[in-house]
Amino acid sequence: MVTTIDPVVHGGRTRTYVAAIVLHVLGATAAATAFGAALGGLGAVTGAPWGAAGLRIVVVVAALYLLREAAGVPVPLPDRKRQVPEWWRTFYSAPVTALLYGFGLGIGFMTFLTFGTFVAVAVVALASGDVAAGALVCGPFGLARGLSVLVAARAGGRSALDRLERASATPEPRLVNALALAGVGVAGVLALG
């Protein structure tokens, strides 16, 4: 997937490369925002916000994934354990493929997840019972995931994917995600007040 958006595929940093990046980021952001809105709508249909019970669910989920990120507790991630379909890049043009890959990655649970932060954020969107709130809390995930291809922009081919995988395995992303999860948990506890 990363190799489809790599500058080498586009003959360097050309307009087509920039267009592929923009389309990828837009696709990932739009998909995550729409997914968050759908979760907020689903929450509304099921009676959310659920008061103290909803806040407790958010706190428990955030705490579980905080333990996963900070202490290595084996909490499973509800992801698909696959990447986006590779055949898309042989069937569609590079710009369309970049957009589709963005859509696939933006939903989060449809591909690999490395950290549990998005699970907690998705629970917040659901428990909010608000379409706009769901969109606002999930949209940044898609933006960040879409922009992640720039981490490997200087590397080419398979090394781009390797660079992304190595970066996610370092302690810093785990720490950042643990802090974000702690923030979600603390916010939930304070709201329980």
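Notes on the model. This is a predicted model, where local features need pLDDT of at least 70 and side-chain atom pairs count only at pLDDT 80 or more, while totals for chains, interfaces and linings use all residues. Residues are numbered from 1 along each chain as its sequence is written, and side-chain values use heavy atoms, leaving out hydrogens and water.

Salt bridges. I took a salt bridge as a side-chain nitrogen of Lys or Arg within 4 Å of a carboxyl oxygen of Asp or Glu. That rule gives two salt bridges. R174 pairs with E69 at 2.3 Å, N to O. This pair links distant parts of the chain, as R174 sits in helix α9 (residues 171-192) and E69 in helix α3 (residues 51-71), 105 residues apart. Helices here are DSSP runs of H or I with at least four residues, strands are runs of E with at least two, and both are numbered from the N terminus. E69 also meets R68, at 3.1 Å, N to O. Shared partners join R68, E69 and R174 into one network. E69 counts as buried because its relative accessibility is 5%, and R68 is buried too, at 18%.

Helix α5. I checked its length next. The expected span is 1.5 Å times one less than the number of residues. With 13 residues, α5 should span 18 Å, and its end C-alpha atoms are 18 Å apart, so the two agree. I noted its buried residues as T97, A98, Y101, G102, G104, L105 and G106. After α5 comes G108, with a positive phi near 80°.

Surface patch. I found W87, F91, Y92 and V96 forming a nonpolar patch with about 420 Å² of accessible area together. Patch members have over 30% relative accessible area and no salt bridge; nonpolar side chains (Val, Leu, Ile, Met, Phe, Trp, Tyr) are joined within 5 Å, like charges within 9 Å. Areas come from the Shrake-Rupley method with a 1.4 Å probe, and for residues only the protein chains shown count as cover. Y92 lies in the loop between α4 (88-91) and α5 (94-106). Y92 is partly exposed, because its relative accessible area is 31%.

Terms used
Buried < 20%, exposed > 50% of the residue type's maximum accessible area, 1.4 Å probe, protein only.
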